[in-house]
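Colleague: Could you walk me through this model? I have not looked at it before.

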Amino acid sequence: MLEFVLSTIFWTLAIYGLFEVIKNIIYISRFTKFNSDGIYVIIAVKNQEEKIEGFLRSILFKILYGREDYFSSYAERSGGLMNFHVLTLFPDMIEAGLHTSVTGRALKNGYIHLSAVNIRDYSKDKHKHVDDYPYGGGAGMVMQPEPIYLAYEDVTQNMEKKPRVVYVTPQGSVFNQSMAEEFSKEEDLIFLCGHYEGVDERILEEIVTDYVSIGDYVLTGGELPAMVMIDAVSRLVPGVLNNEESAEFESFHDNLLEHPQYTRPVEFRGRKVPDVLLSGH
Ligand code: ADE
């Protein structure tokens with residue numbers, strides 16, 4: 001009898017351990033980053049319980065890659081695992097939009113960090129103007145380079161490397177999932193939101209690394225596009241989606257979700273859930 005109990009415990013633990021190892025190998029293959037300064041894995045831990053899991057991941061990482069260039073964990077990073085900085089004239093719009101739903105939860109839990117910086121705060125003009133008439137004439141006003149540069153300098157002063165700066169513009173390359181994946185590898189990402197008729201070309205030449213649009217239509221400003229991109233990038237940052245949501249993400253990638261979804265009630269306005277989905281309920 002005792003032997004039976006012990007062997008049941010042994011096999012339960014062995015199967016559980018194997019399951020944990022497989023789960024963490026999948027995690028590592030998803031969040032291992034290869035870049036010029038080495039190879040590392042992002043280990044997202046935010047409490048004591050997760051630290052044990054983080055430790056297991058770091059051991060598996062060493063076994064898998066035979067090296068440890070560095071481990072980046074939430075505990076070691078200053079802000080979140082990914083820090084978004086938005087240079088804008090409407091910081092409240094950015095804060096309100098992103099402090100809700102999944103991104104709101106991720107901000108609260110510290111997986112991502114957001115700073116919406118008001119460009120107007122950096123204007124030296126006594127009326128806090130940030131725009132002026134265009135040289136050569138034409139309709140509308142152009143945002144001046146100096147307040148944007150001062151805001152950029154402030155945001156980047158403690159960064160170790162020059163960050164990517166995304167200028168959101170309808171003239172840029174159209175944003176897609178592979179761009180979101182590329183952006184999610186950055187530790188800091190700056191978005192510059194334009195308004196009025198545009199932004200002085202010299203500041204774009206000075207600081208911008210990527211020109212990105214969210215589609216072939218023109219909006220009144222760059223705030224909504226910046227929020228769209230931050231949302232798409234955030235969900236790729238470890239810890240932002242919970243386990244159930246990540247499973248959904250995996251199946252989306254495996255194209256398993258390409259069929260219509262149904263929930264209760266079984267019948268809605270004469271339309272029934274397909275029988276094949278009801279069997280087994
Ligand atoms: N600013 C205005 N319209 C835009 C768009 N479609 N994409 C990005 N930035 C914009």
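**Ligand and fold**

Modeller: Let me begin with the ligand: one of its nitrogen atoms lies 2.7 Å from a backbone N or O atom of Y217, a polar contact (N or O atoms within 3.5 Å). The model is predicted, so local features need pLDDT of at least 70 and side-chain atom pairs pLDDT 80 or more, while totals for chains, interfaces and linings use all residues. Residues are numbered from 1 along each chain as its sequence is written, and side-chain values use heavy atoms, without hydrogens or water.

Colleague: Which polar backbone atom is 2.9 Å from a nitrogen atom of the ligand?

Modeller: That atom belongs to L219.

Colleague: Which residues surround the ligand?

Modeller: The shell consists of V168, T169, P170, V212, S213, I214, G215, Y217, V218, L219, G221 and P225, each with a heavy atom within 4 Å of the ligand. By class, eight of the shell residues are nonpolar, four are polar and none is charged (Gly counts as polar, Tyr and Pro as nonpolar).

Colleague: Which strand gives the largest share of that shell?

Modeller: It is β8, with three residues. Both β8 (164-174) and β11 (210-213) supply at least two residues of the shell; strands here are DSSP runs of at least two residues, and helices of at least four.

Colleague: Changing topic: in what order do the five strands of the open sheet run?

Modeller: The order is β5-β4-β9-β8-β11, and the pairing is parallel (strands pair if DSSP finds at least two bridges between them). Because β5 and β11 each have a single partner strand, they stand at the edges, and one side of each is left without a neighbour in the sheet. On average, neighbouring strands of this sheet are turned by 30° against each other, direction ignored.

Colleague: What packs on the sheet?

Modeller: Helix α8 (residues 223-234) does, touching β4, β5, β8, β9 (188-193) and β11. The direction of α8 makes about 175° with that of β4, on axes fitted to C-alpha atoms and a scale from 0 to 180 degrees.

Colleague: How many bridges join β4 and β5?

Modeller: Seven bridges join β5 to β4 (residues 82-88), in the parallel sense. H85 stands opposite S115 in β5.

Colleague: What about N118: where is it found?

Modeller: N118 is in strand β5, which covers residues 112-118. The N118 side chain reaches the backbone nitrogen of R120 at 3.0 Å. Apart from neighbours within four places in sequence, N118 is in contact with T88, L89 and P91 (heavy atoms within 4.5 Å).

Colleague: Which strands form the open sheet with mixed pairing?

Modeller: That sheet has three strands, ordered β6-β7-β10. Its edge strands, β6 (131-132) and β10 (198-199), each pair on one side only. Strand β7 (residues 142-143) pairs with β10 in the parallel sense over two bridges, and V199 in β10 is the bridge partner of M143.

Colleague: Finally, the backbone: which residues does a cis peptide bond join?

Modeller: The cis bond joins R264 and P265, with omega about 5°. P265 is in the loop between α9 (243-253) and β12 (267-268). Separately, S101 has a positive phi of about 55° although it is not a glycine; S101 lies in helix α4, residues 101-108.

Note on methods: A polar contact is a pair of N or O atoms within 3.5 Å; within protein, one must be able to donate a hydrogen and the other to accept it, and residues adjacent in sequence count only if both atoms are side-chain atoms.
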